[in-house]
Amino acid sequence: TEEIPRWAYLFTQFRVIVTYIRLLSLPLNQNLDYDYPVYNSFFEPQVLLSFLVLLSIFVLVAYLFYRSRCTIHASRFTIHDTRITHHVSRLIAFGIVWFFLTLSVESSIIPIRDVIFEHRLYLPSIGFIIAFSIILFYYTSRIAHHVLRVTRYGFPLLLTTVVIVLSVAAYQRNTVWKNNITLWEDVVKKTPYKARPYNELGLAYMDKGNPLEAISYFEKALAIKSDLALVHSNIGNAFDELNYTDLAIIEYKKAIEINPDFETAHYNLGRAYYKKKMFEEASEEFKIAISLNPFNHDAKQNLKLSENILK
């Protein structure tokens with residue numbers, strides 16, 4: 001996107017990556033569509049602090065690589081019949097590097113319209129899991145080897161508790177994803193000042209056959225950002241389903257006024273004119289839709305019908 005300067009995107013990603021790490025460590029307040037601020041200066045406190053956190057991680061990686069190259073005759077610890085040696089340092093460093101390397105595709109100086117999306121963590125999370133798991137089991141085993149037996153038994157109990165808590169949280173999160181309405185209602189609660197969630201919730205109600213409810217959410221989206229051609233077109237579709245063809249035409253025209261190259265709006269406006277038996281106007285809109293998308297076969301078919309009637 002050209003809406004976000006390259007350096008502003010990079011500065012924002014320092015903060016975003018820290019948020020990603022927090023989500024992987026403590027998955028609270030997950031959101032499908034964040035309303036994330038864009039930072040324009042490196043010296044903003046949130047950006048500078050995030051940069052220092054990331055820099056400390058890179059210093060740790062350098063240290064782990066250095067340590068893994070040294071000849072260390074360390075004692076071996078046995079965990080569930082698996083022998084772990086000093087090469088654990090290299091594995092931890094590999095996991096961290098994997099995380100940042102795979103994340104760099106979307107968290108770099110190349111600006112993307114959405115600065116953060118949770119699904120971007122799918123591949124990077126593999127590296128995080130590798131590093132975190134090794135750190136967790138290797139170092140706790142060393143601690144347990146030198147302290148009381150209570151600690152040795154207390155750690156599995158603590159780990160079991162964490163697994164149960166996270167499992168419950170995952171189940172609750174899955175209930176949010178059970179359908180589009182519950183999903184986008186959750187997003188609207190967490191992102192109340194962004195237009196897209198209201199539009200998507202409106203579309204979810206359209207799919208459920210409730211255009212009146214859909215219109216209320218489309219209007220909320222326009223109240224936040226009035227120049228959204230897609231939302232005007234969606235309102236037109238809702239009015240069309242309710243057989244309010246005149247109101248639908250008004251909304252399609254608003255969408256075209258905002259974006260004259262909006263092929264779908266031209267096509268839908270042509271359909272609305274066709275329903276009103278305004279065949280000349282319908283033909284013109286179908287022609288425009290075809291000029292914008294030569295593969296719009298529905299527009300071609302409707303154009304033929306309109307022209308045949310005019311003949």
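How do the axes of helix 8 (residues 211-224) and helix 9 (residues 229-241) cross, and within what distance do they come? Select both helices to find out.

**Before you start.** This is a predicted model, in which local features need pLDDT of at least 70, side-chain atom pairs count only at pLDDT 80 or more, and totals for chains, interfaces and linings use all residues. Residues are numbered from 1 along each chain as its sequence is written, and side-chain values use heavy atoms, with hydrogens and water left out.

**Stop 1: colour by confidence.** pLDDT is the predictor's confidence in each residue, from 0 to 100. The chain averages 90, and 90% of the residues score at least 70. Now select residues 71-84. Here the pLDDT is below 50, and the stretch has 19 contacts in the model beyond near neighbours in sequence. A contact means heavy atoms within 4.5 Å. Where pLDDT is low, the predicted coordinates should not be read in detail.

**Stop 2: helices 8 and 9.** Helices are DSSP runs (H or I, at least four residues), numbered from the N terminus. The two axes come within 9 Å and cross at roughly 160°. Axes are lines fitted to C-alpha atoms over the stretch in contact, and angles run from 0 to 180 degrees between N-to-C directions. Helix 8 is therefore roughly antiparallel to helix 9 (the term covers angles over 145 degrees). Show P211, I215, F218, E219, A221 and L222 in helix 8; they meet V231, H232, N234, I235, A238, F239 and E241 in helix 9.

**Stop 3: helices 7 and 8.** Helix 7 packs against helix 8 at an angle of about 170°, with the axes 8 Å apart. This pair is therefore roughly antiparallel too. On the helix 7 side, residues in the contact include A195, Y198 and L201; on the helix 8 side, they include Y217, F218 and I224.

**Stop 4: S226.** Move to the loop between helix 8 and helix 9, where S226 sits. Is S226 buried or exposed? S226 counts as exposed because its relative accessibility is 55%. Exposed means over 50% relative accessible area, buried under 20%, partly exposed in between (1.4 Å probe, protein chains only). Leaving aside residues up to four places away in sequence, S226 touches H232 and I258. Its C-alpha atom is 9.3 Å from that of A195, 31 residues apart along the chain.

**Stop 5: E251.** Finish in helix 10 (residues 245-258), which holds E251. E251 counts as buried because its relative accessibility is 10%. Show H232, I235, G236 and F239: E251 touches these, not counting residues up to four places away in sequence.

Conventions. Helices (H or I, at least four residues) and strands (E, at least two) are DSSP runs, numbered from the N terminus. Angles under 35 degrees count as roughly parallel, over 145 as roughly antiparallel, 65 to 115 as roughly perpendicular and the rest as oblique.
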